[in-house]
Amino acid sequence: MAAYLVIFVAGFAGSFHCIGMCGGFACALGRDPQGRGATVLRHLLYNTGRLTTYCFLGGLAGAFGQVICTPQGATVPLLSGPLDTGQRILAILAGLLMIAMALQFFGLLPHLHRVTAGFGASTLAASLRSLLTAPGHAAPLAFGVFNGFLPCPLVYAFAAQAASTAGALHGFLTMAAFGLGTFPALLLMGGVGRALAPAWRQRGVWLAGSCILLLGLVTVGRGILPFAVHFAHGWTEPA
Amino acid sequence: MTAQDHALCSHCLLPIGRRAMRLTVNGEACAFCCYGCCIAYQVKHGKTEEWEAAWLLIRLGVGGFLSMNIMLFSLLLYSDAFSGADAEMLPWIHLLLWLFATPAVIILGGPFLREAWLHGMEGRLTSSALIVLGVGAAYFYSAFATIEGSPQVYFDTATMVLMLFTAGYYLDAAGRARAARDLQPLLAAESEWATVVIGDGEYRRPVREVDAGVLVRVRPGERIPVDGVIMEGESHTDEALLTGESRQIAKGVGSHVIAGSINLDGPLLIQSRGVANATRWAQICRSVRDALIRRSPSQRLADNIVGVFVPIILVLGIGASVYWAQHLSFDRALLIGLAVLVVACPCAVGLAAPMATSLGIGRLARHGCLVRDPAALEALARIRLIAFDKTGTLTSGQARVVAIDSDGTSADAVLAHAAGLERHSEHGLARAIAAAAAARGLEPVAIHDVRVVPGRGIRGKSDGRIVAAGSAALMRELGWSLTPNLAEHGRQREASSHSVIYVGWGEQAYAALSLDDTPLPEARSTVEALRRRGVRVTLLTGDLPAAAVRIAAAVGIETGDIEAGLTPEAKRAALGRRRHDHGMAAMVGDGLNDAPVLAGADVGIAVGSATDLAREAAAVVLPPEGLRTLPWVIDVARAVRATILTNLAWAFGYNLIAIGLAMVGVLQPVLAAAVMAGSSIVVVLNSLRLERLPEPVPSAAAESAPASRSTATSNQKAA
């Protein structure tokens, strides 16, 4: 449970960083002329779309991890037994990836930025703009769904974490926790429509980076340290 | 708009079938080769206020929302998250999945159904039919399973296959559009508009409706829509698409501008000098368009294979289902059949050849090299021998004064007199003499009463004396003697096939001017570059052997590879013999007298002026003075062929392996869809490597003599 809490906090803090891209969208989604209730609904739908994509990616990554880690035909242990070799390797890879992402958050790996943010993001974002002003409730939902696919280091980091859990349910929960963590800031952005002070955004980046770094270290540790099995359970198994 | 207008996909510019997906986007009628291009075009070109693009994205988004939730629930089901006490919830979860799946299948599957229907009406079974069939089977089986309460449903497979194919098609189309970048300016021209100035008003008119004499305004950065003369303004233009050389040419009032060149920095007012449809630019556009619509041999091969492929796959898929139904459970058998249908989509095979070909044609066209037929591009890659015509191909085709043998006076005096006479003549040799005098800064002697003696030369009077330039016969006619020295020089020059003009005044011939065609500066390096590419180079000419040997020596062709004194028909026969000995042969000519041999070669290449474009004989047309690009053109052709071969090998290999895996039941349908979508992206990416080919080498002459080149081009235009 503690792990989900850290993920939630990372999502929350990270969303201040994400205000650059997603926050801009949330602002552009704007207010509904039909009043406050309609505006709130509009933004909830947008965030629901986003959350759906995150959850889907999480479930998929988790199932992927499960497929890699489970020998054909075996019943799926879902972290109840000791970690097998496949899962150890996966955990180490995912952990290293998360650490790299965290370092990028701290500005220590500038080259990684091109990989994480450059790929097709601008084209996709540009083509999505037509949805921002489209009427109806389906448009913000659709926008949220696409928005969730926009390349973002945070999403990569937690998708990696989801894969290392080697279970669809755990992967789903990981990304759900992350997605819910991003709710407050983005709902706030949509409602208030005003950017936060840069200083706060910087603090958010540091907090998010620290959370990812912590999770990354734990994940790597789960793969390397034999005694970490029980430790890992405490982190990843729902209470 | 007619069907012909829509022979190319509006998005990726690849050729499309008779019944294409049609749409009106931004008031423009568009046709698309596939659903992916249709989505990509709308997303890219739909404006915010336009409902269409947004509506498409909403449908995809909502479809995605539904299918992702279905997938998530199904993943949880598979991982036994609902095991034990939750087992009685199963029917309700199935019902929920059905509820989600129905709108998702309708929203995401609609376009595939439409495409399958369109192609079916055309009598073609295509990949969309396979998708519709597979998805339909999975959906309806699952619906019945839900009603019956059986433990397995495949709503996730049905919706995810649709979602993966939609995403795959979209990515595929995005890559293809990037590949079409070089073609875009060429093909957009057809729908280009011109700003016509009438009185005080400015009006937008389609370019094809602009007639001669009309004033056209062109802003900086715009493409000049018509051939014409500048009436107002100064600017630089870039004629890269017409001459193959990207550089700036200064233009002012009175300068000629050519349609298709780009106005770089100043606003211009241009008076149109011809109907816009007849410009070289318009011809290039049509030529490229025609080439794209034609199908190359490997493309036809791929088309034929795809034609028989889909029915075979249908049989295999159904056969696999029937076979496995007897050995495994019915729904496992159904999934296997579904995987076969989904994985066998032949999109990658269909894309392999046209993708690489259109990239190559676009790349060449951007440098002024036109390929009129994709088959020629494929043949060019396999060329073992290139035969050159001499005059106008390896040489400039314009005579130059190469020697002045004078006896009793200075060369300058001879040239000044000769130039004074030849000012009154339009003969090709006369221009060469005037140019030689100008090059030495000589003032032509003033001459009156000039008379041209047909076939012999020209005569006139200066200061009461007769001045004459012409053949030995003209000198004899005038009763002038040639000194033995002069006569001997003349004979020697003529023996090596120079044209000799005797010049004299008063009562005596004083000098012999020798004129000859000179090899183009780039001819030697071109011949060397071709040899380095393993191509044998020969010279086939109608000229005298002595001239042929001299030019061949100058450009580096060996004596054994020369045949001279050939009639056009004999040239064709000579090429045929050499083709027999060496393999596929190309002929390079200037297109004026070489039509038979150009048409008879495996690839006819015209190095041409504007009129050559109208000639049907050559399959490849290089820009004026484009000889130096020839090795590069061959490089591009070879790269295109290699790309087509690797594309086809990949596409077939992939399909064979994937179908095999699917038939033995190893490949899950969803995984099959993901791999399928990836496979045509591989073809696109492989083809995009063609963009990394180096550019052709710039000509040295282009930098040293820009002025003469631009006037040469406008002269040809005027002719």
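I started with strand β16 (residues 457–462) and strand β17 (residues 465–470) of chain B, which pair antiparallel over six bridges. This is a predicted model, so I kept the ground rules in view: local features need pLDDT of at least 70, side-chain atom pairs count only at pLDDT 80 or more, and totals for chains, interfaces and linings use all residues. Residues are numbered from 1 along each chain as its sequence is written, chains are lettered from A and ligands numbered from 1 in the order written, and side-chain values use heavy atoms, with hydrogens and water left out.

Strands here are DSSP runs (E, at least two residues), as are helices (H or I, at least four), numbered from the N terminus; two strands pair if DSSP finds at least two bridges between them. I looked up the partner of B:G457 and got B:G470 in β17(B). Two residues sit between the strands of this hairpin, and B:D463 takes a positive phi near 50°.

**Next strand along.** β17(B) also pairs with strand β18 (residues 499–505) of chain B, antiparallel over four bridges. There, B:A468 has B:G504 as its bridge partner.

**Seven-strand sheet, chain B.** I read off an open sheet with mixed pairing, ordered β12-β24-β23-β22-β13-β20-β21. β12 (370–371) and β21 (562–563) stand at the edges with a single partner strand each, so one side of each has no neighbour in the sheet. Further in, I checked β13 (residues 385–388) against β22 (residues 585–589): they run parallel, joined by four bridges. B:L385 stands opposite B:A585.

**A/B interface.** Contact (heavy atoms within 4.5 Å) takes in 28 residues from chain A and 21 from chain B. I get a buried area of about 2,000 Å², with carbon and sulfur atoms giving 85%; that is accessible area (1.4 Å probe) lost on putting the two parts together, summed over both.

On the chain A side, α2 (36–69), α5 (121–132), α6 (138–149) and α8 (168–192) each give two or more residues. α2(A) gives the most, with nine.

**Record check.** The unreviewed UniProt entry lists transmembrane regions in chain A, including 51–68 and 204–225; such annotations may be inferred rather than shown by experiment, feature names are shortened, and positions follow the numbering used here. Residues 51–68 of chain A come out 100% helix and 0% strand, with end C-alpha atoms 25 Å apart. For 204–225 of chain A I get 95% helix, 0% strand and 31 Å between the end C-alpha atoms.
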